[in-house]
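Subject: Structure handover and findings

Hello,

Here is the structure I said I would pass on. Please open it beside this email and read the notes with the model on screen.

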Amino acid sequence: MVHSHGYAVQDAKSSLAPFDFERREPGPSDVVIDISFCGICHSDLHQMRNDWGGAIFPMVPGHEIMGKVRSVGADVKKFKVGDLAAVGCLVGSCGSCDACKHDWEHDCPKQVWTYSHKDKRGDVTQGGYSDCIVVEEQYVLRLPEKINVAAAAPLLCAGITTYSPIRRFKMGKGHKVGVVGLGGLGHMAIKFAKAFGAHVTLFTHSSGKSEDAKRLGVDEIVITKDPANFKAVANSLDFILDTVSAAHDYQPYLGTLCLEGSMILLGAPPAAPVSFFNLFGRKVLTSSNIGGIAETQEMLDYCAEHNVLCDVEVIPMAKVNEAMERLEKSDVKYRFVIDMATLKQ
């Protein structure tokens with residue numbers, strides 16, 4: 001077994017606190033990683049509170065993991081001791097279903113999430129708010145040497161969640177892309193859409209975000225507080241990336257899509273009614289959920305080459321509960337990342 005120290009919640013009402021636990025004994029195909037940084041995702045907060053049901057406690061959250069390889073099993077080919085390595089949302093899948101054959105392991109019916117899930121051995125997975133992790137080689141990602149490790153951590157969730165639909169729908173030069181919401185997901189949707197050459201329109205409820213939107217390269221801003229503002233972009237957008245997690249009305253946004261336009265939900269919002277008539281014009285309303293291992297590696301390589309990174313606030317572990325409170329208030333630009341060197345301070 002591998003001893004690990006981290007922070008965990010004991011139930012859906014408790015705060016994060018120091019927690020010692022054992023990870024599985026590494027096998028021949030396993031990589032043991034000493035964690036340097038771990039991003040804080042809004043889904044960590046949802047899981048800690050069991051908002052989606054099925055949470056397993058005690059829970060060590062965290063699926064935006066950056067670190068260095070401590071040791072490797074005898075069958076490991078792609079990693080050696082000292083290599084930079086990363087682990088995202090996924091640490092297991094069946095390997096044989098249609099989704100896995102297409103490198104879409106995240107859609108596998110037997111996928112294993114990085115924490116609060118049971119792996120094929122029946123063990124409960126624990127995440128990256130800790131000093132180390134044991135993961136099968138095929139779910140470990142290579143980190144380019146020149147990448148800023150702390151700023152890259154949220155790429156493993158916020159990054160791939162926005163990159164994947166942009167690649168799937170081949171968004172780029174000549175396209176007009178709308179982004180709903182300017183937060184952890186939204187700022188990465190803007191960065192990727194601009195990097196691929198698209199014209200970007202931001203939909204935001206707050207006029208106070210206009211300056212930051214311009215800094216990120218947004219071409220147009222629609223303040224959604226006034227419904228009349230939607231008219232300026234009616235029937236004009238090829239795609240919309242909706243990053244908002246709170247309940248909201250999709251109808252005004254669907255009205256901004258052009259013929260055969262697509263709106264992709266990324267923020268895991270609650271169910272909302274959609275009018276049959278608002279989808280006239282061959283419009284598509286769909287969703288997207290992270291990406292497979294190969295696509296995530298492609299994204300990391302792209303980001304290192306083109307310097308597309310997250311805007312982060314690095315915090316010590318001692319401030320993790322304060323960060324959760326601030327996250328709930330959207331008081332961060334735009335992702336928190338925990339410096340694991342502070343774990344035992």
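The notes below go through the findings by topic.

First, the ground rules. This is a predicted model: local features need pLDDT of at least 70, side-chain atom pairs count only at pLDDT 80 or more, and totals for chains, interfaces and linings use all residues. Residues are numbered from 1 along each chain as its sequence is written, and side-chain values use heavy atoms, with hydrogens and water left out.

Core

The largest nonpolar core has 97 residues. A nonpolar core here is a set of buried Ala, Val, Leu, Ile, Met, Phe, Trp, Tyr and Cys residues joined through side-chain atoms within 4.5 Å. Buried means under 20% relative accessible area, exposed over 50%, and partly exposed in between (1.4 Å probe, protein chains only). The members that touch the most others are I40, M66, Y129, L155 and F192. Take I40. Neighbours within four places in sequence aside, its contacts (heavy atoms within 4.5 Å) include E64, Y129, I315, V320, L327, R335 and F336. Another core, of 13 residues, lies apart from that one; V180, I240, Y253 and L257 are among its members.

Salt bridges

The count is 19 salt bridges. The rule is a side-chain nitrogen of Lys or Arg within 4 Å of a carboxyl oxygen of Asp or Glu. Helices (H or I, at least four residues) and strands (E, at least two) are DSSP runs, numbered from the N terminus.

One network links K191, D212, R215, D311 and K333. These pairs are worth a look:

- K191 and D311 meet at 2.7 Å, N to O. K191 is in helix 5 (residues 184-195) and D311 is in the loop between helix 8 (293-306) and strand 16 (312-316), so this pair ties together parts 120 residues apart in sequence. K191 is buried at 18% relative accessibility, and D311 is buried at 16%.
- R215 and D212 meet at 2.8 Å, N to O. Both sit in helix 6 (residues 210-215), three residues apart, about one turn of the helix.
- D212 and K333 meet at 3.9 Å, N to O. D212 is in helix 6 and K333 is in the loop between helix 9 (320-328) and strand 17 (335-339), so parts 121 residues apart in sequence are tied together. D212 is buried at 12% relative accessibility, whereas K333 is exposed at 55%.

Backbone

K333 comes up again here. A cis peptide bond joins K333 and Y334, with omega about -10 degrees. Y334 is in the loop between helix 9 and strand 17. Another cis peptide bond joins F57 and P58, with omega about 0 degrees. P58 is placed in the loop between helix 1 (42-48) and strand 4 (65-72).

S116 has a positive phi of about 55 degrees, although it is not a glycine. Its loop runs between strand 7 (112-113) and strand 8 (132-136). K170 also has a positive phi of about 55 degrees and is not a glycine. K170 lies in the loop between helix 4 (158-168) and strand 10 (176-180). Buried or exposed? S116 is buried at 9% relative accessible area; K170 is exposed at 67%.

Aromatics

There are 12 aromatic pairs. Rings of Phe, Tyr and Trp (its six-membered ring) pair if their centres lie within 6.5 Å; planes under 30 degrees apart count as stacked, over 60 as edge-to-face and the rest as tilted. Y163 and F192 are edge-to-face, 5.3 Å centre to centre with 70 degrees between the planes. That pair links distant parts of the chain, with Y163 in helix 4 and F192 in helix 5, 29 residues apart. Y163 is buried at 2% relative accessibility, and F192 is buried at 0%. Y163, F192, F196 and Y302 form one aromatic cluster.

F276 and F277 also pair: their ring centres are 5.4 Å apart and their planes are at 80 degrees, so this pair is edge-to-face. F276 is exposed at 58%, and F277 is exposed at 59%.

Cysteines

C157 is buried at 9% relative accessibility. The sulfur of C303 is 7.5 Å from the closest cysteine sulfur, in C310, which is too far for a bond. C303 is buried at 1% relative accessibility.

Best wishes

Key: A disulfide is a pair of cysteine sulfur atoms within 2.5 Å.
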